[in-house]
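Welcome to the tour. Please open the model in your viewer and keep the selection tool at hand, as each stop begins with something to pick.

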Amino acid sequence: MKQNRTGRRAAMCVTAVLLSLICATTIWAKTKERLETVSDVYWDEDNTTVARWEEVEDAFRYEIYLYRDDSRVDTIKTQKTRFNLEKFLKHEGEYTFKVRALAKDKSKEFSDGYWSDLSDSIYIDEGFAELIRSGGTLDTSNSGPGALGETKVSKEISAIYTPEWQQDAAGWRYRLSDGTFQANGWWQDTAKGIWYYFNDQGYMVTGWIDWNGGRYYCLPSGAMVTGDTNVDGVTYHFDASGLLQNS
């Protein structure tokens, strides 16, 4: 009789332990709620290289997967709901990204959320990628006539270049800050007060130039002349605007 009572007590103890474990597991499962899935991932309209998404309640931070041509190239973590990915756009291609909300490490309440859908794509051409690799920056606050040309880009990007002279096999060109080249007319280097003439291909022209019904002359350096100037042994007079005067 005593043994039966002992056995019943043991069985009751085992049952109690099992019930406690079940309750504990149930409570733990309830507290480990998964964070919501990030929604509305997109590239910023005014600053195209900035990734944005909607805030997730109780998220500790966010993880970003950046893709180029469908291959993941970088992983970034941030506590904000936006991140400028400019410095990661170092190669030509179409870029997309996705985001998920992360719970605080060892959180007893939440687990990490599921990944969002992929964002729309932006296209970065080799010129922009080279600019980033060399430490330059992109001005994405406005669109312009820049060097992107025909592209699949969902939002336009214009680059900021250092204006400079460039020479190739065809001659000298002057690159402007938007990446295009001066072409089809006169241009003044305001720092030096010198005028230059460029053809419709964007190359500097030297020698005699017929323009707007008048004649002008540019030295081999490209500088337009004024005043009395000797050309091939003959002295000509040009007024202050560079226009040849009748002798």
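Begin by selecting E109, found in the loop that runs between β7 (93–102) and β8 (110–111). Before moving on, please note that this is a predicted model, where local features need pLDDT of at least 70, side-chain atom pairs count only at pLDDT 80 or more, and totals for chains, interfaces and linings use all residues. Residues are numbered from 1 along each chain as its sequence is written, and side-chain values use heavy atoms, with hydrogens and water left out. Strands (E, at least two residues) and helices (H or I, at least four) are DSSP runs, numbered from the N terminus.

**Two positive phi angles**

Now zoom in on D40, in the loop between β1 (33–34) and β2. D40 is not a glycine, yet has a positive phi of about 55°. Most residues other than glycine have a negative phi. D40 is partly exposed, at 46% relative accessible area; buried means under 20%, exposed over 50%, and partly exposed in between (1.4 Å probe, protein chains only).

Next, select K106, which sits in the loop between β7 and β8. K106 also is not a glycine and has a positive phi, of about 60°. Its relative accessible area of 83% makes K106 exposed.

**Salt bridges**

How many salt bridges does the structure hold? There are five, a salt bridge being a side-chain nitrogen of Lys or Arg within 4 Å of a carboxyl oxygen of Asp or Glu. Here are some to display.

- Select D44 and R52, whose side chains meet in a salt bridge at 2.4 Å, N to O. D44 is buried, at 11% relative accessible area, and R52 is partly exposed, at 26%.
- Select R175 and E164, paired in a salt bridge at 3.1 Å, N to O. R175 belongs to strand β13 (residues 171–175) and E164 to strand β12 (residues 164–168), so the pair ties together parts 11 residues apart in sequence. R175 is buried, with 15% relative accessible area, whereas E164 is partly exposed at 33%.
- Select R215 and D210, which form a salt bridge at 2.8 Å, N to O. R215 is partly exposed at 35% relative accessibility, and D210 is exposed at 58%.

Move to N47, in the loop between β2 (42–43) and β3 (50–52). N47 is partly exposed, with 30% relative accessible area.

**Last stop: helix α2**

Finally, select residues 126–133, helix α2, and colour F128, A129, L131 and I132, which are buried. Why do the buried residues of α2 line one face of the helix? Viewed down the axis, they fall within an arc of 155°, so they share one face; the arc is that of the directions from the helix axis to the C-beta atoms.
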